[in-house]
Number of protein chains: 2
Amino acid sequence: MEKIEIILSQETKSNLKKFKKGETIQFPKSTNTHAFYIKKGLARSFIIDGTGKEHIYMFAPEGWIIGDIEAIGYDQATELFIDCLEDSEVIIFNKDGLFNERLDQKQLIENVSLLTRRVGRLQRRVLMLMGSPAADRYKYFLEIYPDLINRVPQKMIASYLGIAPQTLSTIRSQMARP
Amino acid sequence: MEKIEIILSQETKSNLKKFKKGETIQFPKSTNTHAFYIKKGLARSFIIDGTGKEHIYMFAPEGWIIGDIEAIGYDQATELFIDCLEDSEVIIFNKDGLFNERLDQKQLIENVSLLTRRVGRLQRRVLMLMGSPAADRYKYFLEIYPDLINRVPQKMIASYLGIAPQTLSTIRSQMARP
DNA sequence: TCTATGCATTCATCTAGATGAAGAAATGAT
DNA sequence: ATCATTTCTTCATCTAGATGAATGCATAGA
């Protein structure tokens with residue numbers, strides 16, 4: 001959940017792929033899950049729950065990494081869809097890009113730092129989901145991700161916040177004029 | 001959110017402290033935030049929201065690390081309380097224990113791995129909070145943390161799940177005889 | 001042992017946010 | 001430019017879960 005700098009080795013650089021807006025990068029149930037560095041464009045990850053509803057887990061604009069870290073960390077099949085909201089260039093890498101014996105100290109420190117900040121963002125997200133009303137969560141979203149507001153449709157922001165699109169619409173009109 | 005093995009250097013080993021049940025390890029507003037390795041006992045972290053309500057962010061039984069990773073990662077003052085639910089032995093360390101130039105490759109790989117699994121658990125938590133009803137969240141809690149059920153009062157489990165204690169009580173009685 | 005304080009259960013009521021429907025506005029394709 | 005599709009807004013209604021109160025159970029301290 002944080003703009004990061006990753007040190008890409010030559011071998012990972014070769015795994016660059018292009019995707020059109022709307023194309024899906026990863027479907028659920030796939031094993032040997034990958035992570036994706038968004039070089040250009042915008043992607044999102046989401047689940048479809050038992051009642052068929054979409055829930056957006058995160059957005060990834062250029063410079064971010066997106067992937068099912070749960071599946072990667074625990075060697076499970078992924079449940080996340082990942083697709084592109086804009087035409088995108090994506091570098092695909094696997095668990096080894098995060099930690100293996102060939103990575104040097106500098107790269108590892110960078111990765112620890114990246115993951116620490118991501119845990120921090122997730123901590124905030126959990127606390128907000130539990131303790132704050134929808135209007136406050138939206139205001140926090142505006143602070144943290146000001147660039148996304150004009151790139152992502154409102155119904156997707158609502159999905160990210162865990163509320164219905166109608167509720168977000170109401171919140172916005174209440175914020176505009178009281 | 002995962003039982004982990006950390007490689008404790010000699011210098012961190014000296015920072016062992018003992019706390020009685022009910023004692024607070026960390027108050028909000030403190031800067032230069034630390035992380036805490038629970039060697040023995042049980043701790044929890046929580047916030048108090050704008051309306052005075054407690055929300056438990058996580059539990060840490062022996063072998064776990066607990067701390068305000070958001071505050072550590074972004075050099076902010078912490079908002080989290082951390083206190084002990086049992087008499088505990090705690091090793092206190094700071095950001096440097098996670099990543100600095102003196103840590104060797106093996107330790108760093110261990111830390112990346114630890115953080116990856118914690119991100120995984122948090123991912124699951126976020127997805128559950130957004131997409132699953134309270135009863136399902138409780139069932140998942142029982143699966144993942146079976147040891148905590150007998151060590152933590154129900155009202156705290158409810159707080160962790162983001163529901164009222166009465167709601168958890170109702171869910172439990174419905175699960176018992178449907 | 002008795003008493004107190006906190007914990008769990010059950011019920012009756014309330015509310016934030018969900019759902020559904022219908023029109024207006026925006027976006028996209030031909 | 002025109003038509004079709006998707007998105008946004010507004011309203012009326014519904015529901016999962018919150019809140020508050022009453023009762024019975026524990027655990028803790030003297």
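The model is predicted, so to speak of local features it asks for pLDDT of at least 70, while side-chain atom pairs count only at pLDDT 80 or more and totals for chains, interfaces and linings use all residues. Side-chain values use heavy atoms, without hydrogens and water.

**How the two copies are related**

**Where chain A meets chain B**
- Contact here means heavy atoms within 4.5 Å, and 45 residues of chain A are in contact with 46 residues of chain B.
- The two chains bury about 4100 Å² between them, 70% of it on carbon and sulfur atoms; buried area is the accessible area (1.4 Å probe) that two parts lose on being put together, summed over both.
- On the chain A side, Tyr74(A), Gln123(A) and Met130(A) lose the most area to chain B, together 17% of what that side buries.
- There are four salt bridges between chain A and chain B (a side-chain nitrogen of Lys or Arg within 4 Å of a carboxyl oxygen of Asp or Glu).
- One salt bridge joins the side chains of Arg124(A) and Glu70(B), at 3.0 Å from N to O.
- α3(A) gives the most to the side of chain A that touches chain B, with 22 residues (helices are DSSP runs of H or I with at least four residues, numbered from the N terminus).

**Around DNA strand C**
- Counting a residue as near if one of its heavy atoms lies within 4 Å of the strand, there are 15 residues around DNA strand C, and Ala134(A), Ile163(A), Ala164(A), Thr167(A) and Gln154(B) come nearest.
- Of the atoms of DNA strand C that come within 4 Å of the protein, 69% belong to sugar and phosphate.
- A backbone N or O atom of Ala164(A) lies 3.0 Å from a phosphate oxygen of DNA strand C.
- Lys155(B) places a polar side-chain atom 3.1 Å from a phosphate oxygen of DNA strand C.
- For Gln166(A), a polar side-chain atom lies 3.1 Å from a base nitrogen of DNA strand C.
- α6(B) gives the most to the surface near DNA strand C, with three residues.

Methods
Residues numbered from 1 in each chain as written. Chains lettered and ligands numbered in written order. Polar contact = N/O pair within 3.5 Å; in protein donor to acceptor, adjacent residues only side chain to side chain. Helix = DSSP H or I, 4+ residues; strand = E, 2+ residues; numbered from the N terminus.
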